[in-house]
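Subject: Model handover

Hello,

Here is the structure we talked about. My notes follow below it.

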Amino acid sequence: MISWQHSWKRLVLASILALIMPIIAACGSAPETSTAPAQSTAPAAAASPAQNTEASPAASVAAEPAASASGQGTTAAASASGAGTTVAASCPEGFPNKPITFVTWSNPGGGGDVLGRAMITAIENQNLLSQPVVIENRAGGSGAVGMAHVVQQPANGYTVLIVTKNLTLTPLTQNLDTDYQDFKPIQRTQLEPFFVAVRTDSPWNSLKDLVAAAKTENVTFGGAFAGSTDNMMFSLLADKAGFELTYVPFESGGEAATALVGGTVDAISASPQEVAALVDAGKLKFLATPSAQRVPDFPDLPTFKDEGFDITLEQWRGFVYHKDVPDEIVECMDTVLRQASQDPSFQKYMEESGLANGYLPGDEFYALLEKETNENRAFLEEAGLLNQ
Amino acid sequence: MEAFTGLMGGFAVALQPANLLAAFIGCLIGTIIGVLPGIGPVSAVALLLPLTFGQPAVTSIIMLAGIYYGAMYGGALTSILINAPGESASVVTTLDGYQMAKQGRGGVALGISAIASFVAGTIGVLLLMLLAPAMADVALSFGPAENFALMILGLTTVAALGSGNTVKALISAVLGLMLATVGIDAVSGRTRFTFGFVELLGGIDFVVVAIGIFALGDILANVERSREQVNVRIDYGGFRNLWPSWQDIRQTFFPMLRGTFIGFFAGVLPGAGATISSFLSYIVEKRVSKTPERFGKGAPEGVAGPEAANNAATAGAMAPMLVLGIPGSATTAVIYGALLMFGLRPGPTLFIQNADFVWGLFASMYVGNVMLLILNLPLVGVFAQVVRLPYPILTFVIVLFSVLGAFGLNNSLFEVYLLFIFGIVGYVLSKASIPAAPLALGLVLGPLMERAFRQSLIASRGSYLVFVQRPISLGILVLALCFMALPTLLGLYTKRREQRQGPAGTAEMLGERKG
């Protein structure tokens, strides 16, 4: 054992050093867009070709539906090790020259997170960018944390924000300095329908039954937090149909679904993906969707309009930049994302998750953001949720 | 029988060289990453998700499960060695684990923790195989009212954490509950106590608070002690003491078993299953023990039970996720997302259409546990050397890791400042000899409890009867009541017996002496 016979000063010095060093290190990297996750891709890229050679003989032995997945994997690995030479034609000279970050306010495994990861896989498969793309989860505050973060990043095109309808809600309900006007939309990418679900053994077989019951007896509704699109859907329905809404907010779709099956609430709003397993298990049934058209996977499921309620609501997800990012970079990213969306892996993900292609170019997307923000303001004011 | 053949098929899949390699790499990377206090199992799995793409679904999921186990173990490592719990489920491990490390028994604590994880993982996988469908239904019967009752049960453990002084433990727990109110309130959608900081909208991150009050608080408290007092921790009994002895293992075997069952059943329930189960396991061990006064001072049972519980909770959380598509914890949510990306849809059909996959996963969870044991037992000695470092250097390492961990949460300095603030809070708490663990518990349970309470009342239209009308909720509340009342009743009972027998006993003794 080392004898350590130094004075008190050493201890103090060590403590001070301990405090100062990481701060210096942190300051160095803070202004740049997140170097930490970028580094994590380096071992990933290095490791994957090696593992692929290990994995491919196994793929042929295992009778898995993953034969095609493994094939894609090989190309992905090849493109990663080839360090990417093809760059989308429309990109300005020298962009990108460092890794790009997709920021999402979803938690890992959430809708925006999965979209980002699927997009990254597709970009790698198609070899569309000469630099890797990494995902960064900045969850919290219904998207507020993610929005506030991206607005503070340099407008150089290396930080992309994955947005949802919350972009038109959260700035109104929270005390934020940020709203849709601080961003330059790249594109809207996908649409996800909402469904109204009830227990299989409930006496209601249509939205009309449910509404009729809500007028005469105690029916409890559930969905995401107060001021969310789920809340909005049932509020609008209550308004149009003329019943008093009892709405229980939940943390996640899974939690709401559990409460529905357990009998705490009587009807919920959920995305089909969140509750698919429960529907398969025969615990839940869908009554209607507020989508504009019938959902292809559920051709027999009526829309709210079919049932006589003039309400249209859909979740969407898209990509935006800081508002000061140059137009040519925005165009470049739009092209990259559009080409990546054509990749078979991405198509497969969209289809299996019950998502629809919701492509809108940047300018139309911006108009939509403006329109929805105004509509939401009216709803939130009535619900008393508007931040003054 | 069907399960048996299924499992054999599963092992055939899991033992393929590529899958074994995936399990090994997963466990190794998971352990390394889990050692960074800011990166718990959730971030580890999320961070390394891309690494698994381009491989068959089974291989990827095996690797993810390996990363998860590895990170859980890595979390225990930092809890024991440097008093920095990387996630809420390993807070309890610091109570006795860090004390053991201070006494030079860090290696023993690490070994016990590895063995406990192995035992819990093994039994947990068996329980999962046999009970998955039934357990998934149990998860469904847990609505807000039941969750609230469960949180109350969790909070009753506070008294046991306070090493005697219940009032101080309660002060700490209430502080934790108060901190938990920061951020957006999900029920009303309103912001509370954020003072204009956007970073606070999502609430105060648990990891920052835990590392601050435990690790930094401890360092600050040591600064004012003299060198001799601080350096006592370097003293080692000898090389052989690095590994747990047979006696240690015998002593902790039943705590491991109890922890496993508590962990599995609590893990099935959505929400804070792993955390609550680790606290519950600790309180159970303390109550069962003949020498409860050793707890909080380096009792190996206090490490074995909770570590087994948080590992078994992992297996438990898989049940509702695989059967019903309801992820019971943040990490299973990530794995759920990964499954969807591989085109596998969790649900009853998964067990039929992708039986290979399901059994392969179960088998590989087992293989992963064995792998973790093989990987970590030899390394226990190496890791335990960490505490032999001269204290000034060790301090440096701990602060460095803490700051890196806090910074890594969001890549922002805000968390680092918060970390320092909570370091000072931890120092003040230790000066006032207020235990820190109840604060951590309050912070984890607070948001869940408040939300469940308000959800129940909205749904019942304001009737408080909802908590006692639902049988499961009532049962848990009664259990919580027993937990609270038991020590007092027992105390009364023994006192009365002493009163009855005491005088006679002394008289006899006196008589003997006289004679």
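A residue is called buried under 20% relative accessible area, exposed over 50% and partly exposed in between (1.4 Å probe, protein chains only). This is a predicted model, so local features need pLDDT of at least 70 and side-chain atom pairs count only at pLDDT 80 or more, while totals for chains, interfaces and linings use all residues. Residues are numbered from 1 along each chain as its sequence is written, chains are lettered from A and ligands numbered from 1 in the order in which they are written, and side-chain values use heavy atoms, without hydrogens and water.

Helices in chain B

Helices (H or I, at least four residues) and strands (E, at least two) are DSSP runs, numbered from the N terminus. Start with α7(B), residues 144-155. Of its 12 residues, 11 are buried, so the rest of the structure largely encloses this helix. Among the buried ones are P144(B), E146(B), N147(B), F148(B) and M151(B). The helix reaches 16 Å from first C-alpha to last, close to the 16 Å expected at 1.5 Å a residue. That expected span is 1.5 Å times one less than the number of residues.

Helix α5(B), residues 91-102, also has 12 residues; its end C-alpha atoms are 17 Å apart, which agrees with the 16 Å it should span. Here 10 of the 12 residues are buried, so α5(B) too is largely enclosed by the rest of the structure. The buried set includes T93(B), D96(B), G97(B) and Y98(B). After α5(B) comes G104(B), with a positive phi near 85°.

C482(B) is partly exposed, at 40%.

Chain A overall

Chain A has 13 helices and 11 strands. Of its 388 residues, 57% are buried. Take contact as heavy atoms within 4.5 Å. Among contacts between residues at least 6 apart in sequence, 77% join residues at least 24 apart. The accessible surface of chain A is about 15,900 Å², and carbon and sulfur atoms hold 52% of it. Areas come from the Shrake-Rupley method with a 1.4 Å probe; for residues, only the protein chains shown count as cover.

The sheet in chain A

Two strands pair if DSSP finds at least two bridges between them. In chain A, 6 strands form an open, mixed sheet in the order β2-β1-β3-β10-β4-β11. Its edges are β2 (133-137) and β11 (356-361), each pairing on one side only. Neighbouring strands are turned by 25° against each other on average, direction ignored. Strands β4 (183-192) and β10 (315-322) run antiparallel, joined by 8 bridges. L191(A) stands opposite W316(A) in β10(A).

Two helices meet this sheet. Axes are lines fitted to C-alpha atoms, for helices over the stretch in contact, and angles run from 0 to 180 degrees between N-to-C directions. Helix α4 (111-126) of chain A lies across β1, β2, β3, β4 and β10, at about 175° to β2(A). Helix α11 (327-341) of chain A touches β1, β3, β4, β10 and β11, at about 15° to β4(A).

The disulfide

How many disulfides does the structure hold over all chains? There is 1, counting cysteine sulfur atoms within 2.5 Å. It joins C91(A) to C332(A), S to S 1.9 Å. The link is right-handed, with 60° about the S-S bond. C91(A) sits in the loop between α3 and β1 of chain A and C332(A) in helix α11, so the pair ties together parts 241 residues apart in sequence. Both C91(A) and C332(A) are buried.

Best wishes
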